[in-house]
Amino acid sequence: MGDLEAAITVRTPRPEDLLQVVELENRSFVDPWSRVALEQELVSDSLRLPLVAEAAAKVVGYLMAWKIVDQLHVMNIATDPDYRRQGVGTALLRAAAGQAVEMGIVEITLEVRQSNQGARAFYLRHGFIETGLRQKYYVDNGEDAIIMTRRASGLPEP
Ligand SMILES: CC(C)(COP(=O)(O)OP(=O)(O)OC[C@H]1O[C@@H](n2cnc3c(N)ncnc32)[C@H](O)[C@@H]1OP(=O)(O)O)[C@@H](O)C(=O)NCCC(=O)NCCS
């Protein structure tokens with residue numbers, strides 16, 4: 001385990017995390033979610049499972065997912081560009097999968113841009129397999145989405 005990995009805390013978001021999440025979202029995506037959308041997704045309720053990763057007293061990553069019957073749909077995940085490849089995304093996904101299993105969820109699914117090779121490699125590393133394609137899913141450039149899926153439990157973590 002690296003130094004940062006040992007120092008990462010994954011927790012439920014607090015309202016004061018919003019500004020850092022908005023800033024991270026804008027640095028991470030060409031089509032970032034709006035501040036209003038992020039504010040909604042950061043509130044945990046019967047549908048939403050949001051998590052933030054904290055290190056050195058700041059937010060270094062987040063994950064937002066929806067619980068849909070027996071599936072967890074990962075809507076958004078990002079790590080601060082300065083903290084990538086140090087286990088933050090892994091910690092978030094591991095925590096989400098753990099909570100999902102406790103909620104009786106059996107499968108985790110998500111969509112990823114075809115061109116997003118880094119994220120696809122990250123998901124493959126975590127046991128996701130490509131299970132489908134949504135053509136022209138992304139409105140900004142008409143790019144296809146790859147649908148990736150894995151069981152919520154039962155797979156070895158990397
Ligand atoms: C995808 C993302 C969340 C991964 O977060 P991360 O904190 O860097 O991930 P981790 O450090 O836990 O990576 C775990 C493993 O996943 C794989 N991986 C992660 N990023 C990768 C990349 N860019 N290229 C290849 N493999 C990658 C590696 O196997 C890595 O282990 P290693 O670093 O020991 O080789 C991050 O790259 C990100 O925020 N990207 C921009 C936003 C985005 O595209 N989100 C996904 C939308 S669908």
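Predicted model: local features only at pLDDT ≥ 70, side-chain atom pairs only at ≥ 80, totals over all residues.

Student: How many residues does the largest nonpolar core have?
Tutor: In soluble globular proteins, nonpolar side chains tend to be buried together. A nonpolar core is a set of buried Ala, Val, Leu, Ile, Met, Phe, Trp, Tyr and Cys residues joined through side-chain atoms within 4.5 Å. In the largest one here, the residues with the most contacts inside it are Leu 63, Leu 72, Val 88 and Tyr 123, and the number of residues is 30.

Student: Which element gives the most to this core?
Tutor: Elements are DSSP runs numbered from the N terminus, helices being H or I with at least four residues and strands being E with at least two. Those that give two or more residues to the core are β2 (48-55), β3 (58-68), β4 (71-79), α4 (88-102), β5 (107-113), α5 (117-125) and β7 (145-151). With 7 residues, the element that gives the most is α4.

Student: Which residues does Val 88 touch, not counting those up to four places away in sequence?
Tutor: A contact means heavy atoms within 4.5 Å. With residues up to four places away in sequence left out, Val 88 touches Leu 4, Ile 8, Ala 53, Val 60, Gly 61, Thr 79 and Tyr 83.

Student: What is the angle between the planes of Tyr 123 and Phe 128?
Tutor: Rings of Phe, Tyr and Trp (its six-membered ring) pair if their centres lie within 6.5 Å, and planes under 30 degrees apart count as stacked, over 60 as edge-to-face and the rest as tilted. A search of the whole structure finds 3 aromatic pairs. The pair of Tyr 123 and Phe 128 is edge-to-face, with 5.4 Å centre to centre and a plane angle of 65°.

Student: Is Tyr 138 buried or exposed?
Tutor: Its relative accessible area is 13%, which lies under the 20% limit. Because of that value, Tyr 138 counts as buried.

Student: Over the ring of which residue does the charged end of Arg 150 sit?
Tutor: A charge sits over a ring if NZ of Lys or CZ of Arg is within 6 Å of the ring centre and within 35 degrees of the ring normal. The charged end of Arg 113 sits over the ring of Tyr 138, 4.2 Å from its centre. For Arg 150, the distance to the ring centre is 5.9 Å, and the ring belongs to Phe 128.

Student: Within what arc do the buried residues of α5 fall?
Tutor: The buried residues of α5 are Ala 119, Arg 120 and Tyr 123. The arc is that of the directions from the helix axis to the C-beta atoms. Seen down the axis of α5, these buried residues line one face of the helix, because they fall within an arc of 100°.

Student: Which residues are exposed on the other side of α5?
Tutor: The cover over the buried residues of α5 includes β4, β5, β6 (129-134) and β7. On the other side of α5, the exposed residues are Gln 117, Gly 118 and Arg 125.

Student: How many bridges join β3 to β4?
Tutor: Two strands pair if DSSP finds at least two bridges between them. In this hairpin, which has 2 residues between the strands, Val 69 takes a positive phi near 55°, and Tyr 62 stands opposite Ala 78 in β4. The strands β3 and β4 run antiparallel, and the number of bridges is 8.

Student: In what sense do β4 and β5 pair, parallel or antiparallel?
Tutor: In β4, 7 of the 9 residues are buried, and β5 is largely enclosed by the rest of the structure because 6 of its 7 residues are buried. Glu 107 in β5 is the bridge partner of Gln 71. Over 4 bridges, the sense in which β4 and β5 pair is parallel.

Terms used. Residues numbered from 1 in each chain as written. Heavy atoms only, no water. Buried < 20%, exposed > 50% of the residue type's maximum accessible area, 1.4 Å probe, protein only.
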